[in-house]
Amino acid sequence: MGVARKSLIISDHEKRVTAYHEAGHAMVAAMIEGADPLHKVTIIPRGMALGVTQQLPVDDRHTYPRAYLEGQLAIMMGGRLAEELFLETMTTGAGNDIEQATELARKMVCQFGMSSLGPLTFGKQEEQIFLGREIAQHRDYSEQTALAIDDEVRKFIMQGYQRAKNILSENHDALIRIAEALLERESLDASQIKMLIAGQPLEDPRSPRVEPKNEKPTPVPSKGVVRPAPSISPHEKPSPA
């Protein structure tokens, strides 16, 4: 997840926005069927991000079904929606999420043939080997097709947006529990998030740890008893050790 930037000074307001933003990602990821399982959520700044929601796949993936990609779009929209629904604000923190979601939706339309435009690809990518290997996209479709592509991209994004909105609205109290727990602890793992969604209280990290009692009886040291050495007959040789 990157090196923690603990020296970065963040105001209480920004910290609260980040907590609800990451709680939105975590809630949608936990509720989307077929999504990668949650691993950890933190509001400790790492790299360029003020917070991170990390998912770990169960196994290696080489192909991605359309349902999985649509779930990813909803997860990306969860952060912005949490800001809107719970804090009534919009911040630039969702900029990277929106950029990635738009890029993924455009690939679904132009490269993967997953839209209503059919199994077609739009735009050839040409590599200019003499210009620092820059990749330029050659437009090989009409203006009318370009408008249709934009409509399909927007449709994918807004479907994910509405899906995430429904999840957050139905789990209003659970998201608040996750956000407030992040403000208190700064990091949560998958098991803690499941407990918060189920409405179970988390263990207080400040409470002293109680060591389990040892049920086995403590052995009592035996007193020294002087035993007489075994007598050996003069006609009997001692056995070798």
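A salt bridge is a side-chain nitrogen of Lys or Arg within 4 Å of a carboxyl oxygen of Asp or Glu. The side chains of Lys155 and Glu152 meet in such a bridge, at 3.4 Å from N to O. The structure is a predicted model, in which local features need pLDDT of at least 70 and side-chain atom pairs count only at pLDDT 80 or more, while totals for chains, interfaces and linings use all residues. Residues are numbered from 1 along each chain as its sequence is written, and side-chain values use heavy atoms, with hydrogens and water left out.

**Overall build**

- The protein has six helices and five strands. Helices (H or I, at least four residues) and strands (E, at least two) are DSSP runs, numbered from the N terminus.
- Read from the N terminus, the order of elements is α-β-β-α-α-β-β-α-α-β-α.
- Of the 241 residues in the protein, 32% are buried. Buried means under 20% relative accessible area, exposed means over 50%, and partly exposed lies in between (1.4 Å probe, protein chains only).

**Salt bridges**

- The whole structure holds seven salt bridges.
- Lys155 and Glu152 both sit in helix α4. They are three residues apart, about one turn of the helix.
- Lys155 is partly exposed, with a relative accessible area of 41%. Glu152 counts as buried, at 8%.
- Lys107 and Glu103 form another salt bridge, at 3.8 Å from N to O. Four residues apart in helix α3, they are separated by about one helical turn.
- Lys107 is partly exposed at 32% relative accessible area. Glu103 is partly exposed too, at 44%.
- Glu186 forms a salt bridge with Lys15, and their closest N and O atoms are 3.3 Å apart. Glu186 lies in the loop between α5 (172–185) and β5 (187–189) and Lys15 lies in helix α1, so this pair ties together parts that are 171 residues apart in sequence.
- Lys15 is partly exposed, with a relative accessible area of 25%. Glu186 is partly exposed at 31%.

**Aromatic rings**

- There are three aromatic pairs in the structure. Rings of Phe, Tyr and Trp (its six-membered ring) pair if their centres lie within 6.5 Å; planes under 30 degrees apart count as stacked, over 60 as edge-to-face and the rest as tilted.
- Tyr20 and Phe86 have ring centres 6.0 Å apart and planes at 35 degrees, so this pair is tilted.
- The pair links distant parts of the chain: Tyr20 is in helix α1 (residues 12–31) and Phe86 is in helix α2 (residues 66–87), 66 residues apart. Both Tyr20 and Phe86 are buried.
- Phe122 and Tyr141 make an edge-to-face pair, with 6.0 Å between centres and 90 degrees between planes.
- Phe122 is in the loop between α3 (95–110) and β3 (124–128), and Tyr141 is in the loop between β4 (134–138) and α4 (143–170). The two are 19 residues apart, and the pair links distant parts of the chain.
- Phe122 is buried, with a relative accessible area of 9%. Tyr141 is partly exposed, at 22%.
- Arg61 lies over the face of Tyr68, 4.3 Å from the ring centre. A charge sits over a ring if NZ of Lys or CZ of Arg is within 6 Å of the ring centre and within 35 degrees of the ring normal.

**The largest pocket**

- The largest pocket holds about 780 Å³ of space. On a 1 Å grid over the protein atoms alone, where a 1.4 Å probe is used, a pocket is an open set of points with protein on both sides within 12 Å along at least five of seven lines. Grid points are joined across faces, edges and corners, and a volume is the space filled by probe spheres set on the points.
- The lining of this pocket has 26 residues, each with an atom within 4 Å of a point. His21, Glu22, His25, Gly51 and Asp97 lie nearest the centre.
- The elements that give two or more residues to the lining are α1, β2 (52–55), α2 and α3. Helix α1 gives the largest share, seven residues.
- The lining residues divide into eight nonpolar, 13 polar and five charged. Ala, Val, Leu, Ile, Met, Phe, Trp, Tyr, Cys and Pro count as nonpolar, Asp, Glu, Lys and Arg as charged, and the others, Gly among them, as polar.

**Positive phi angles**

- Glu88 is not a glycine, yet has a positive phi of about 55 degrees. Glu88 lies in the loop between α2 and α3 and is exposed, at 74% relative accessibility.
- Glu186 is not a glycine either, and has a positive phi of about 75 degrees.
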